[in-house]
Amino acid sequence: MAQDDNSGAELAAADSSHAAHASDASPGTALIVQDAFENPGFPAHRPRVTDENPQREKRAQRTVYTLFYLSILGSLWAVAAYMLFPMESNNPGDVRLNNLFIGLGAALALLALGIGIVHWGKSVMEDVELVDERHPIGGSPETQAAAVKVFTDSDRESGFTRRSVIRNSLIGAIVVFPLPALVLFRGLAPQDQLPVPLLSHTMWRKGTRLALDPSGAPIKASDVTIGSAFHVIPEGLNDLEHGKLDEKAKAAVLLMRLEPSELNELPERKDWSYDGIVAYSKICTHVGCPVALYEQHTHHLLCPCHQSQFDVANHCEVIFGPAKRPLPQLPIAIDDEGYLIAQSDFTEPVGPSFWERH
Amino acid sequence: MSTASPTTGTPKRSFTTSAAVYVNERTSIAGFVKELGRKAFPDHWSFLLGEVALFSFVVILISGTFLTFFFQASMAEVHYDGSYVPLKGVEMSVAMASTLDISFDIRGGLFVRQMHHWAALLFVAAIGLHMLRIYFTGAFRKPREFNWVIGFTLFILAMAEGFTGYSLPDDLLSGNGLRIIDGLVKGIPVIGTWTSFLIFGGEFPGTQIVGRLYSLHIMILPALVIAFIALHLVFVVVHKHTQYAGPGKTPQNAVGPPILPIYAAKAGGFFFIIFGVLALIAALFTINPIWNYGPYDPSPVSAGTQPDWYIGFADGALRLIPPGWEFVWLDRTWSFNILVPLIAIGIFIVLVLMYPFIEAWITGDKREHHIADRPRNAPTRTAIGAAGVTFYAGLWAAASSDILATHFWLTMEGVIHALQAVVIIGPFIAYFITKRVCIALQKKDREIVLHGYESGRIVRLPGGEYIEVHEPLDEYDRWRLVSFESYAPLMIRPNARGKITAGQKFRASLSRWFFEDRIAPVTKGELESGHGEHH
Ligand code: FES
C-alpha cells in the first residue's frame with residue numbers, strides 16, 4: 001500500500017489541516033500525509049419536511065399533544081387498575097391481572113410521554129445545530145502556571161517540604177489511624193470459633209440413624225430397594241434449635257443401593273457399606289452445590305452446578321468436570337431394629353476444598 | 001442576565017422571569033446556565049447506549065427505594081403465612097417471606113419487583129454495549145483514559161449490585177449462588193477459609209449474610225455507583241463528547257444540537273421511553289419466580305437453573321476447567337480448579353482496564369483525540385476487541401453447557417471440550433478474521449474514493465463490451481472516507497546515549513504488530529493522477 005517506507009523523518013507534526021489549535025503535543029508514530037484532502041466544511045443545512053410543509057408541522061404538533069393526553073390516560077388507568085384488580089383472594093391469577101394492568105397503564109403513561117417529548121424535539125423544535133470550539137483539556141499555559149504558583153506558595157508558607165520531620169510524622173499518623181477501624185471488622189466472624197475444626201466435623205456420630213430428608217423419618221435397610229436413591233439427613237437434625245441449615249449444609253447424604261457385585265469397594269472400606277447400600281456426602285467437592293442428580297443405570301451422580309460427575313460404583317471418584325476429590329463416604333451399618341446408622345462421622349472434611357485441608 | 005436589574009416590581013416582568021431572577025440572586029445559577037445551556041452535544045444513535053445505562057440505573061433507584069419499604073433483610077426463621085397457598089406453613093427466612101409478600105400481598109409489588117430486576121439486567125447489558133462502542137471507536141484515547149477506567153469500574157460495581165440483589169430473597173437459587181461464592185472463596189490459598197468465615201459470620205450459610213449483602217446492596221454500592229456516575233458525567237462535560245468524522249467536524253470543534261432545548265428534549269424523552277419499556281416488560285414477563293424455587297435449603301437443587309446473565313462468564317469459567325486440577329502440596333490444598341478461573345478473569349479485567357494506556361504507549365501519540373474512529377480504520381484494535389469478545393462469549397456460553405447439551409442432543413463432554421476450544425483458540429481465529437475484514441473494507445473505501453461508487457447503470461461500449469458506470473463521490477462523502485489517520489510502525493532508534501533498550505525493542509515489536517498492514521487514506525495526489533492503485 002501507499003507510503004510504507006517510513007524513515008522517521010516523516011513522523012513530524014501531523015494534523016496540519018487543523019492549524020487553529022494544533023498543539024505541539026507529539027503525534028507519536030501517526031503519519032502526516034503531505035497532500036491530504038481538506039475538510040470541505042459544513043454542507044448546506046437540509047430542512048426537514050416539517051420545516052417546509054406547514055401541514056406536516058401541524059400534524060406533528062397534533063401527534064405530540066395527543067401523545068401527552070394518552071400518557072395522562074395511561075397514568076389514570078394504572079391508578080384505576082390498582083383498585084379494579086384486587087389480589088386478596090389467595091388466587092395467583094389475580095396477582096397476574098393486577099401486575100399486568102397496573103404495568104400496562106404505567107407503560108402507556110411513560111412510553112407516550114417519552115415518545116411525545118422526543119417527537120417534539122425532533123420535528124417541532126427548531127432544528128438548531130451549534131458548533132462549539134474545543135480548548136485543550138489542560139487549560140491555558142497561564143492557568144497552569146497559576147496552579148503551579150498556588151502549590152509552590154502554599155508549600156513555602158506551610159513548609160511542607162522544608163519541615164520534613166513534621167511532614168513524615170503526619171504521614172505516619174494518617175497511615176496508622178485507620179487500623180483500629182480495620183481491626184473492628186474481625187467481629188464479622190465469631191470470636192469463640194475456629195473455621196477448620198468446624199469444617200472438619202459434621203453432626204454424624206456413631207449410631208446416628210439415617211433419616212429421610214426432609215421428613216426426618218429413620219430409614220430401614222429393608223426399605224432401600226436395589227436401584228433406589230434416598231436424600232438423607234441425620235436423625236435429630238430437624239429438632240435442632242439453632243444452626244439447622246449450617247448442619248444440614250455439611251451433613252446431607254445420598255443413599256443408594258447397587259447390586260453388591262457392581263460395587264467396586266476399596267479394601268479399607270469393605271465394611272463401610274451394608275449389602276450394596278452405600279452413603280456418600282451430597283455436598284460437591286468442587287464448590288459445594290448439592291450433587292442431587294442420580295442416574296440409576298450408569299451409577300453416576302451429576303452435580304448440576306458445573307457438571308462434575310461421580311461414579312458411585314467406584315467409590316464416587318470424579319469421572320468428569322472440575323471437581324477433583326471423590327465425594328466422602330459415610331460408613332454405615334444397621335442397628336438391632338434394622339435401621340441404617342452411621343458407624344462414625346465422615347473420616348474427612350466434606351464439601352469444597354479449603355487451604356488447611358490435607 | 002439582562003433581567004437581573006435591582007429594580008423590583010417592573011410591571012411587565014412575567015412570573016417566570018421574576019422567579020428566575022429570585023433564584024439567581026440567591027444561587028448565582030445564571031453563570032451555570034450560560035456556560036452549559038447552549039453547549040453543542042454531538043448526536044449519533046450509538047451515543048445512546050450510555051444513556052440507556054444511566055436511565056435504567058435511575059429506574060433501579062426509584063423501584064429499589066419502593067422495595068426497601070417492604071423488604072426485611074433478616075434470616076430469622078418463620079413459617080410462611082401469606083397468600084401464596086402452596087408455600088403456606090413452610091419454614092423460611094423473613095427475607096424470603098417478605099419477598100413473597102411483596103409479590104403476593106402488596107398490590108403492584110410484583111410489578112415494581114420485576115421492573116427492578118429487569119432494569120438491573122438492562123443496566124449491566126447497556127454498560128457492556130456502551131463500553132464496546134467506546135472501545136471499537138477509539139473513544140478511550142487521550143484525554144478520556146480515566147473515564148474509561150471509571151466506566152469499567154462502574155461495570156464491575158453494577159455486576160456486584162446485581163449479584164448482591166439477586167442473593168437477597170434467600171430463595172433456593174440465590175442460596176446456591178452464595179454456596180458457590182463460599183466454595184470459591186474457600187479455594188483461595190492462605191486467606192480463603194478465614195475470608196469465607198468472615199463473610200458469612202461463621203459457617204455457611206449462617207444467619208448473617210442476607211443482612212450484610214443488604215448493607216452493600218442499598219448503601220455502600222449505590223453510593224459508589226452514584227459517585228462514579230457523577231464523576232463520569234463531569235468528565236463528559238469537561239471533555240465534550242466525541243463525534244464521528246464528517247464534513248465541517250474537526251478535532252477542534254464539537255458539532256450538534258444545543259443542550260437546551262433539543263438535546264434535553266431528546267434525552268429527557270428517552271428516559272421516559274426506557275422507563276416505559278421496562279414497565280412494559282415487567283407487566284408482561286415474569287422474572288425470578290422465587291415461589292417456584294422455594295426457600296434456601298442446602299440439600300435440594302434443580303437441574304438447568306441459570307444465574308443472571310452477567311454472572312454467566314464467571315460460572316462458565318468454573319465449568320471449563322478439566323478434571324483433576326487440585327493438589328495437596330506442603331500439607332496444604334492448592335485448588336487450581338478455582339484459582340485458574342479467578343486468575344484468568346483477573347488478567348482479562350486488568351487488560352481491559354489498561355488498554356487505553358497500552359495503546360497510547362505503543363503509538364506514542366500525545367495529542368487529544370475527539371474524532372471517533374470507524375472500527376475498520378484501526379484494524380488491529382478492532383481485531384483485539386473481537387478476540388476479547390470471543391473469549392468472553394465462550395465463557396458465557398459455558399455457563400449454559402448443560403442446556404446446550406440437552407437442547408441440541410449433545411454429550412456434556414462434547415459441549416465442554418468445544419467451548420474449551422472456543423475460549424482458547426477462538427480468540428485467535430476471531431482476531432485473524434476481523435483484521436482481514438477490516439483491511440478488506442478499507443481497501444474497498446479506497447477503491448470507492450479513487451474510482452467512484454457503482455451507479456448500477458450498465459452501458460454497452462461500441463466494442464460490444466458492457467461496463468458499469470462509476471459515479472465520482474462529492475467532496476462531503478469523500479471526506480468521510482479519507483479523514484482518518486494511520487500510524488507507521490515504530491522505527492527503533494538508539495537513545496541519547498547511543499543504546500537501544502529492551503523496552504524500545506518491545507515497543508517497536510508491538511508497534512509493528514499493530515501497524516504493519518495498515519492502509520493509508522487516499523491523498524489528493526493519488527486521486528488527481530487518476531491511477532491510484534490497481535489490485
Ligand atoms: S459445585 Fe459441583 S461441580 Fe461445581
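What follows is a working chat about a predicted model with chains A and B.

Reader: Which residues of chain B does UniProt annotate as "transmembrane region"?
Author: The unreviewed entry gives 47-71, 118-136, 148-168, 214-238, 270-291, 338-362, 383-409 and 415-434. UniProt positions are given in the numbering used here, feature names are shortened, and annotations may be inferred rather than shown by experiment.

Reader: What is the helix content of residues 118-136 of chain B?
Author: That span is 100% helix and 0% strand, with its end C-alpha atoms 27 Å apart. Residues 148-168 of chain B are 95% helix and 0% strand, and there the end C-alpha atoms are 31 Å apart. Helices (H or I, at least four residues) and strands (E, at least two) are DSSP runs, numbered from the N terminus.

Reader: How many aromatic pairs over all chains?
Author: The count is 36. Rings of Phe, Tyr and Trp (its six-membered ring) pair if their centres lie within 6.5 Å; planes under 30 degrees apart count as stacked, over 60 as edge-to-face and the rest as tilted. One of the pairs is B:Y84 with B:F104, stacked at 4.7 Å centre to centre and 25 degrees between the planes.

Reader: Where do B:Y84 and B:F104 sit?
Author: B:Y84 is in the loop between strand 1 (77-79) and strand 2 (91-93) of chain B, and B:F104 is in helix 4 (residues 94-104) of chain B, 20 residues apart. Both B:Y84 and B:F104 are buried. Buried means under 20% relative accessible area, exposed over 50%, partly exposed in between (1.4 Å probe, protein chains only).

Reader: And B:Y135 with B:W148, what sort of pair?
Author: A tilted one, 6.4 Å centre to centre with 45 degrees between the planes. B:Y135 lies in helix 5 (residues 109-136) of chain B and B:W148 in helix 6 (residues 145-167) of chain B, so the pair ties together parts that are 13 residues apart in sequence. B:Y135 and B:W148 are buried.

Reader: Which residues do ring pairs link into a cluster?
Author: B:F55, B:F270, B:F271, B:F272 and B:F275.

Reader: Where does the charged end of B:R107 sit?
Author: Over the ring of A:Y82, 5.7 Å from its centre. Within chain A, the charged end of A:R167 sits over the ring of A:F160, 5.9 Å from the ring centre. The rule is NZ of Lys or CZ of Arg within 6 Å of the ring centre and within 35 degrees of the ring normal.

Reader: Switching to cores. Which residues touch the most other members of the largest nonpolar core?
Author: B:F111, B:M115 and B:F123, in a core of 93 residues. Helix 5 of chain B supplies the largest share, 14 residues. A nonpolar core is a set of buried Ala, Val, Leu, Ile, Met, Phe, Trp, Tyr and Cys residues joined through side-chain atoms within 4.5 Å.

Reader: What does B:F111 touch?
Author: Leaving out residues up to four places away in sequence, B:F111 touches A:N99, A:I102, A:G103, A:A106, B:A279, B:A282 and B:A283. Contact means heavy atoms within 4.5 Å. A second, separate core has 25 residues, among them A:C284, A:L301, A:A313 and B:I338.

Reader: Where does UniProt put "domain: Rieske"?
Author: At residues 250-341 of chain A, from an unreviewed entry. The chain there is 2% helix and 33% strand, with the end C-alpha atoms 17 Å apart.

Reader: Which peptide bonds are cis?
Author: Among them are B:F204 to B:P205, with omega about -10 degrees, and B:L260 to B:P261, with omega near 0 degrees. B:P205 is in the loop between helix 8 (192-200) and helix 9 (209-239) of chain B, whereas B:P261 lies in helix 10 (residues 259-284) of chain B.

Reader: A:C316, buried or exposed?
Author: Buried, at 0% relative accessibility. Phi of A:C316 is near 60 degrees, a positive value in a residue other than glycine.

Note on methods:
Residues numbered from 1 in each chain as written. Chains lettered and ligands numbered in written order. Predicted model: local features only at pLDDT ≥ 70, side-chain atom pairs only at ≥ 80, totals over all residues. Heavy atoms only, no water.
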